[in-house]
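Hello,

Here is the structure for your files. My notes on the domain interface follow below.

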Amino acid sequence: MRPLQMVDTRTQYLKIKPAVDAAVLKVMESSQFIGGKVVNDFAANLAAYNQVKHVIPCANGTDALQISMMALDLKPGDEVITPSFTYIATVEAAALLHLQPVFTEVDKHTFCMDADAMEKAITPKTKAIIPVHLYGHAAEMEKIMAIAKKYGLFVIEDNAQAIGCEYTFRDGSVKKTGSIGHIGCTSFYPSKNLGAFGDGGAIFTNDDALAEKLKKIASHGQSKKYYHDMVGCNSRLDALQAAILDVKLTHLDEYTDARRKAADFYDKAFASNQKITTPFRAAYSKHVFHQYTLILNEVDRDGLNNYLAEKGIPSMIYYPVPCHKQKMFDTFGGSSYQLPVTDWLTERVISLPMHTELDEEQQASIVSNILSYINR
Ligand SMILES: *Cc1c(COP(=O)(O)O)cnc(C)c1O
C-alpha cells in the first residue's frame, strides 16, 4: 500500500507531468515571469470555468480577502461579520485594515455560517459579510444574499476551500460559488482543490467598476504605469504558477469527482456507526470535499488521533482553536463571544486524508483502523 498522507500532490503531479513540465519550460524560455499572456489566459479560462465576468489573479488567498476589503471603502471600526469556525485568514485582513471583526455562529450540520445568527449580529456599523464555504460545502448563499440586500451590505465569499462547488437556488438555477456574492476570493495554496506549486490566489467579481478597483489595488493603486491613484499593495500571481494552474484547471472537474468518490467510500463505511457523524450534504450545495470531516460522538479524539498516527494514518483537526478564542483577537473583544455550536464542533471534528489520489486499499485501511479504535 502507498503511504498515507493528508494530501498527495506528488502523485497528482506525476500523472500530468508532461503537460505541466512543458508549460513551465515555455514560461522559462519566454522569460516573461510577471504578468503577460500566460497570466491573462489563465485568468480568462478561470473566469469561464467559474462563470464570472472578471478574475483578478493575486499572490495568495489572504491577499485576495485583504484587497477585497480595501476595495469597499470601509472606515476604521466598520464591522465585518464572519464565522469564527474558519481559518484565521478569513478574518485577519479585517483586523489588519482596522475593521472590527464580528464573529458569528455556524450551522451544526454544514459547518458554514448560520444565516439567522448572522442577521442577529448586524448593527448600524456592519458593512460586509464574509461567508466561508468551509471544507468544500457551500454556505447558504441564497439566504445570506437576501439578508445582505435587505441591509445594504457587501458579501465577500471566501471560496478558498470550495473551487468547483455549485450552488442550486430555489428556482433551480445553478451558480458556481465565488460568483454569487459581490466579490469571491480563492486560494491556490498547493493543498487546495486547485493548487499551484507555490502560492497564488484570485478575486472574482461580476461588477465592472469593482473589477477595475480590485485590479488597481493589487498593483500599487496604479492606473497606468507609475501613476498611482490610491494606496494599494503588490500582489501578483506569477507566470510560472499561472501556467501550472492553467493545466490543472482542465483537470479540476475530474479532481472534484475523485474527491467525491473518496467521500462516498467513507460515507458508506461509517454510515451505521453511532459514534461517527459523516459530512452533511445540503441539497443546495455540491460538496467538493476540500476536507472530509467527521463529527465524533463521545470518542476520545486525542486517543484516536494518536492511535491512527501509530498506524501511519494521518488525521487533522481543522481548526483546534476557533477565531474568537485566538489571542490575536483579544483586543477585538474575541473572548466576549458565546458561540456554543462553534465550541461544540471544535471539540469534536476530525479530518481524514482527502485528496484526488486515494485508492480503495488506502481508504479501507483508514476505515478499519478508525472502526477498530472506536468499537473496541
Ligand atoms: C487557505 C485559506 C485562505 C488563505 O489562502 P492563502 O492562499 O493560504 O493565503 C483563506 N481562507 C480559507 C478558508 C482558507 O482555507
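Contact here means heavy atoms within 4.5 Å. By that rule, 41 residues of domain 1 are in contact with 35 residues of domain 2.

Some ground rules. This is a predicted model: local features need pLDDT of at least 70, side-chain atom pairs count only at pLDDT 80 or more, and totals for chains, interfaces and linings use all residues. Residues are numbered from 1 along each chain as its sequence is written, and side-chain values use heavy atoms, with hydrogens and water left out.

The domains: domain 1 covers 9–104 + 111–249, and domain 2 covers 252–374. The bounds come from an automatic or database domain assignment. Their C-alpha centres lie 24 Å apart.

The interface buries about 3,400 Å² (accessible area, 1.4 Å probe, that the two parts lose on being put together, summed over both). Carbon and sulfur atoms give 62% of that area.

The rule finds one salt bridge across the interface (a side-chain nitrogen of Lys or Arg within 4 Å of a carboxyl oxygen of Asp or Glu). Separately listed: the side chains of E357 and K15 form a salt bridge at 2.5 Å, N to O.

On the domain 1 side, the elements giving two or more residues are helix 1 (9–15), helix 5 (89–96), strand 3 (100–104), strand 6 (166–168) and helix 9 (239–249). These are DSSP runs, numbered from the N terminus: helices are H or I, at least four residues, and strands are E, at least two. Strand 3 gives the most, with five residues.

Best wishes
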